[in-house]
Amino acid sequence: MTKPSLPDLLHAAVSAVGGTERPGQVAMAEAVAEAIDDNSHRLIQAGTGTGKSLGYLVPALAHGERVVVATATLALQRQLVERDLPRTVEALHPQLRRRPQFAMLKGRSNYLCLHRLHEGAPQDEEEGLFDQFEAATPTSKLGKDLLRLRDWADETETGDRDDLTPGVSDKAWAQISVSSRECLGATKCAYGAECFAEAARERAKLADVVVTNHALLAIDAIEGAPVLPQHEVLIVDEAHELVSRVTGVATGELTPGQVNRAVKRAAKLVDEKTADSLQTASESFERVMELALPGRLEVLPEDLGYALMSLRDAARNVISAIGATRDKSVHDEDAVRKQALAAVESIHGVAERITNGSEYDVVWYERHDRFGATLRVAPLSVSGLLREKLFEDRSVVLTSATLKLGGDFNGVAASLGLSPEGVEGDDVPVWSGLDVGSPFDYPKQGILYVAKHLATPGREGTRGDMMDELAELIEAAGGRTLGLFSSMRGAKAAAEELRTRLDNPILLQGEETLGELIKAFAADPKTCLFGTLSLWQGVDVPGPSCQLVVMDRIPFPRPDDPLMSARQKSVEEHGGNGFMAVAATHAALLMAQGAGRLVRATGDRGVVAVLDPRLATARYGSFLRATLPDFWYTTDRNQARRSLAAIDATAKADGK
């Protein structure tokens, strides 16, 4: 039997969704198939509208061996499993003469735990009654959520939190889920045979395509114990997010509240002397944290060092003692023990990591008005980890609409632990980059307007000239504006000010769920939506409701961000340009994502307005502009307003 050709397979898959192949999609599919066949690595930039998902799913399904697809966002995971994969499998089945299987796999805490549900969550005495369903009054929000979860448990086939609609609060979910550390294990648990998380793992072992997320991919790499089934090919979608997600998984934290909860959980399982030593260490840590000021700790203060060593040693003794004792008077002893161990091991691990003091770690204090101080530790870089764990023993394809920063792939490649393109040598993963372009005609569909006449934004204070400019642009556009701000404070200030000036409804992130805000924004062209980070990359509103995307300033990281400033300093110490490698790269990535909100379909028209003159005047401006879509560029404010007014008039004439 002759093997079906890739063009035929792609044609069948695209036809099944009512589309036609695009040149970029064909080039992408060929590059993915080549990488799989050669066991090589590819970085592929595929602009919005390319049909990226089918560009990698078709060669992945044709391959016949197991492929893992890791994405950053829940929305894309759901799209792949609920829409793209079922249609593609159906379309390819006649030619492949087999029906490839696919499955979703997430971290254990994403699945309902039947043991937790039926036996109750081990709780601290003062937190309420032992049975969480009794503790939460049926009329309270928590009580209603828990009762709904109990009903849902009887009908769900997956136990996956994301299949529950509407969702429940994190607090409610925590009552019926466990982390991998808290899990008793299928062989020891009375509900092991029915376990949803175990069932998801079993399905993944049988699947040809396993869809997971960056966080689980990071856990699989960092913790050594394999979570993902064996696979030959890894496809990382939304790859621009990978470094920050891996950094998040590799970051440890300690708070007085967290330590106190661990003390209470362990106290009932160990002798009084061992419990007291952890209690004393906890109190001394809390005293140090009360005086903590936000910022990086380049040298560990003596008082914090002593407190952490006491905490580490006391936690180690508790871990040994918990393992050596049994107490049948404790209800559901195995679960109580496992939860206490998980809490104390986490504290021991972070305290030991910080006291050991690695030159590759950054340690800092954060302070929150409501929650007090947190001690954090994060890797200075995850590039070595990624080079070692990601690119060995499998072919890796990384794809995103934003991988070329400043015109090439090398900046993103370096963050992934890769050498510049074309460099070969021992232990150097060899890769190649491909930009398959976009089906959109950016110079005709969009304008990049930089408000060169405005004052350079300072660190603090309102920008009166920026507010005037923003109001005039929104009026010219007739609303239809997505406002992307570098801080929540800036977004709030602009919303409050412009609500008094304009008749247009202005929605503000945080005042309603993100999904509801985006729905309301898309429904009414006169409406504006203002917000911060998640809006820069989480909004997909094609059509006339989004014809003006405004960025208030270049989104450099805050100068006092401990991790970013430490990374910048490290690059400089090694002879590089820290500002360009860290701050400008961070800003370029966000700006490219933000500008990508404007043109989502072939009929879209509009303006991306950057209200920060540095994009036009600073030396690094050309690097940032080279990362953005190839819009027609102007600094003429009258031109920008005339264009917006014309686009608005056309939309109104079309009844939109």
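Two strands count as paired if DSSP finds at least two bridges between them, and the strands themselves (E, at least two residues), like helices (H or I, at least four), are DSSP runs numbered from the N terminus. This is a predicted model, in which local features need pLDDT of at least 70 and side-chain atom pairs count only at pLDDT 80 or more, while totals for chains, interfaces and linings use all residues. Residues are numbered from 1 along each chain as its sequence is written, and side-chain values use heavy atoms, with hydrogens and water left out.

Strand β7 (residues 295-296) runs antiparallel to β8 and is joined to it by two bridges, with R296 standing opposite W364 in β8. Strand β8 (residues 361-368) is in turn joined to β9 by eight bridges, again in antiparallel fashion, and a hairpin of three residues leads from β8 to β9. Along this pairing, H368 stands opposite G372, and E366 has T374 as its bridge partner in β9.

Strand β9 also pairs with β6 (residues 252-254), antiparallel and through three bridges, where L254 faces L375. Because seven of the eight residues of β9 (residues 372-379) are buried, this strand is largely enclosed by the rest of the structure; buried means under 20% relative accessible area, exposed over 50%, and partly exposed in between (1.4 Å probe, protein chains only).

At the surface, D427 lies in the loop between α17 (410-415) and β11 (431-435), and this residue counts as exposed because its relative accessibility is 76%.
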